[in-house]
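Please read the following report with the sequence and the structure side by side, and look up each residue as its name comes up.

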Amino acid sequence: MTFSKTPIYFAALISLLALIVAAVALYNAGIARQIALSQISVEERNSLATPVFDQQKGTWSYLAIYEVSVNNLGGPDITLDNVSKVSEGAGFLVLLRGQEIVNSALNYKAFLVKPTIGEIRANPKLIKTVAQTDIGAVIPLNLLIKNGESKTIRLGVLLDAYDKENKPIARVVLLSYRFNFSNGKSYLFRRGFPIQPLKDVAHK
């Protein structure tokens with residue numbers, strides 16, 4: 001009496017495949033757990049907020065720059081995929097006059113800044129070079145941050161914050177960015193800054 005060996009081989013193959021699938025699943029679970037354990041902090045290191053006079057146009061605007069440090073405090077390497085303007089809720093920019101939201105169409109540019117705030121303060125002429133093109137809704141970065149590393153980016157906004165009489169359109173401006181990481185997590189970076197009244201318009 002003879003028996004076919006094919007079912008035995010087939011069963012062994014299924015068992016082998018099951019072991020491989022289990023091993024892959026276990027490996028992926030370990031990687032996912034490592035990524036979940038990544039400790040990321042986002043901190044404001046420095047900031048600059050100042051009125052800016054455009055000699056060519058003869059108009060004032062308002063510049064705000066935030067120097068932000070992104071730190072990988074532990075766990076595996078991680079990537080800051082992008083920084084996006086918050087669109088939900090009140091949106092990216094909110095203008096306040098006291099507790100009242102100002103419903104005014106405000107022209108602005110949002111951009112990445114290459115010079116440090118220290119360099120800009122030492123050489124104010126650099127201000128003219130920082131606000132070239134608006135970044136759009138999302139800033140692709142693909143910034144790798146290894147375990148224990150810190151990376152710095154600078155986010156700037158230039159606002160047409162004054163009316164024809166050089167009075168501030170709002171007293172305070174709130175802006176909101178979202179930092180999006182490769183592990184699926186995100187961090188909401190929200191800041192507010194006052195619009196200084198123009199007391200000295202001698203440049204005009």
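Strand E1 contributes the most to the lining of the largest pocket, namely 6 residues. The model shown here is a predicted one, and the largest pocket in it holds about 830 Å³ of space. A total of 26 residues line this pocket, and those closest to its centre are Val52, Phe53, Asp54, Ser61 and Leu158. Several elements give two or more residues to the lining, among them strand E1 (39-54), strand E2 (59-74), helix H2 (117-122) and strand E8 (150-159). Sorted by kind, the lining residues divide into 12 nonpolar, 7 polar and 7 charged.

A second topic is how aromatic rings are placed beside one another. A pair of aromatic rings is described by two values, the distance of the centres and the angle of the planes. In this model the count comes to 7 aromatic pairs, and two of them are set out in the table.

| Pair | Distance of ring centres | Angle of planes | Kind |
|---|---|---|---|
| Phe53 and Trp60 | 5.0 Å | 55 degrees | tilted |
| Phe92 and Tyr108 | 5.7 Å | 40 degrees | tilted |

Phe92 lies in the loop between strand E3 (78-85) and strand E4 (93-97), whereas Tyr108 belongs to strand E6 (residues 108-112), so the pair ties together parts that are 16 residues apart in sequence. Phe92 is buried, because its relative accessible area is 6%, while Tyr108, with a relative accessible area of 30%, is partly exposed. Elsewhere, Tyr66, Phe179, Tyr187 and Phe189 form one aromatic cluster.

Strand E3 also holds Thr79. Is Thr79 buried or exposed? Thr79 counts as buried because its relative accessibility is 15%, and the cut-off for buried is under 20%. If neighbours within four places in sequence are left aside, Thr79 is in contact with Asn142, Leu143, Leu144, Asn180, Phe181 and Ser182.

Notes
Residues are numbered from 1 along each chain as its sequence is written. This is a predicted model: local features need pLDDT of at least 70, side-chain atom pairs count only at pLDDT 80 or more; totals for chains, interfaces and linings use all residues. Side-chain values use heavy atoms; hydrogens and water are left out. Rings of Phe, Tyr and Trp (its six-membered ring) pair if their centres lie within 6.5 Å; planes under 30 degrees apart count as stacked, over 60 as edge-to-face and the rest as tilted. Helices (H or I, at least four residues) and strands (E, at least two) are DSSP runs, numbered from the N terminus. Buried means under 20% relative accessible area, exposed over 50%, partly exposed in between (1.4 Å probe, protein chains only). Contact means heavy atoms within 4.5 Å. On a 1 Å grid over the protein atoms alone, a cavity is a set of points where a 1.4 Å probe fits but cannot get out, and a pocket is an open set with protein on both sides within 12 Å along at least five of seven lines; lining residues have an atom within 4 Å of a point. Grid points are joined across faces, edges and corners, and a volume is the space filled by probe spheres set on the points. Ala, Val, Leu, Ile, Met, Phe, Trp, Tyr, Cys and Pro count as nonpolar, Asp, Glu, Lys and Arg as charged, and the others, Gly among them, as polar.
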